[in-house]
Amino acid sequence: MKKTLVLLLSVFLLLASLGFLSGCGYEGYSGDHLDLYTVAINSVLWNNGHSFSADRYTDSQIEILDEDRYGRTIFTYYEKYYAGGGISFSALIICQSSNEKEVFYYEDVNYIVKEQKHTPNLKEFEKEEIEQLKAANDWNREIDYDKCIKKEITRQKPAVPYEQDVENRIIDEFHLTGGNYSLFVHLLTTDSANSDFIIYGYVMSDGGDIYFVGLGEGDNESLKELKFLVPENVFDYKTAFVEFKKTNNWT
């Protein structure tokens, strides 16, 4: 029964990606918090950049919880589910600052995630968790822009760089050639030079489901290298993810 539901969901998502459902594809976030949306889609793994309703894409849910004296914002970000439907989470995130064009945040320490059960009712984050996240992000202290990552504000997730080459590397890495599988891949973010990038995704196959992260290196013409991480826990991945980036010289 579970496999049947996942298969039907995958067909739905495939049709949506091809524009066969109403709206012919997601046209971008249309809510009031474009800066916070940008921080979220560049920070947490396994986000679509949008949510789903009965037969169409919808905006992700963003709710501001608090703001400090220097303009920092702590907020929740929620999507109904990711790709094949095996992950549903809400994230607690902090944005350091923003202007009309850019957002600023502390990479890796600006979020925590919690599993959801495919429901729009967000699980409440504990007070202690909120305070720990605030402390890690210098809440109510002057903003240290030297610690910040800067990103241009966007309405939706950019395309995966070298998309066909990336897909081929994933197929080789997980030995998918000749098998029955569905593959979902998204871009998380790029480095300061826009040459290296981080992707993540999901493979649903007869051989089992795989959630993966990839760190790619390009030279503006071709994909040079793509290294992979398969976290043991898709909701408690931060330590392994940070170490993976350090090992591969992410800047």
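Trainee: Where is Ile87 found, and why does Ile87 count as buried?
Mentor: Ile87 sits in the loop between β4 (73-78) and β5 (89-95), where strands are DSSP runs of E with at least two residues and helices are runs of H or I with at least four, numbered from the N terminus. Buried means under 20% relative accessible area, exposed over 50% and partly exposed in between, with a 1.4 Å probe and protein chains only. Ile87 has a relative accessibility of 1%, and therefore counts as buried. The model is predicted, so local features need pLDDT of at least 70 and side-chain atom pairs count only at pLDDT 80 or more, whereas totals for chains, interfaces and linings use all residues. Residues are numbered from 1 along each chain as its sequence is written, and side-chain values use heavy atoms, with hydrogens and water left out.

Trainee: Which residues does Ile87 touch, not counting those up to four places away in sequence?
Mentor: With contact meaning heavy atoms within 4.5 Å, Ile87 touches Trp46, Tyr81, Tyr82, Tyr211, Val234 and Phe235. Tyr202, in turn, is 115 residues from Ile87 in sequence, while the C-alpha atoms of the two are 9.8 Å apart in space. For the protein, residues 24 or more positions apart supply 64% of the contacts that have a separation of 6 or more, and buried residues make up 49% of the 251 residues.

Trainee: How do you know that β3 and β4 pair?
Mentor: Pairing requires that DSSP find at least two bridges between two strands; β3 (residues 61-67) and β4 have six, in the antiparallel sense, and Asp66 stands opposite Ile74 in β4. Five residues lie between the strands of this hairpin, in which Gly71 takes a positive phi near 100 degrees.

Trainee: How many bridges join β6 and β7, and which strand has four with β7?
Mentor: Strand β6 (residues 97-98) and strand β7 (residues 102-105) pair in the antiparallel sense over two bridges, and a hairpin with three residues between the strands results; Val103 in β7 is the bridge partner of Ser98. The strand with four bridges to β7 is β9 (residues 149-152), again antiparallel, where Lys150 partners Phe104.

Trainee: What makes β10 and β13 edge strands?
Mentor: The open sheet of four strands runs in the order β10-β11-β12-β13 with antiparallel pairing. Within this order β10 (181-190) and β13 (223-229) each have a single partner strand, so one side of each is left without a neighbour in the sheet. Neighbouring strands of this sheet are turned by 25 degrees against each other on average, direction ignored, with axes fitted to C-alpha atoms and angles running from 0 to 180 degrees between N-to-C directions. The partner of β13 is β12 (residues 210-218), joined over six bridges, and Glu217 faces Glu225 in β13.
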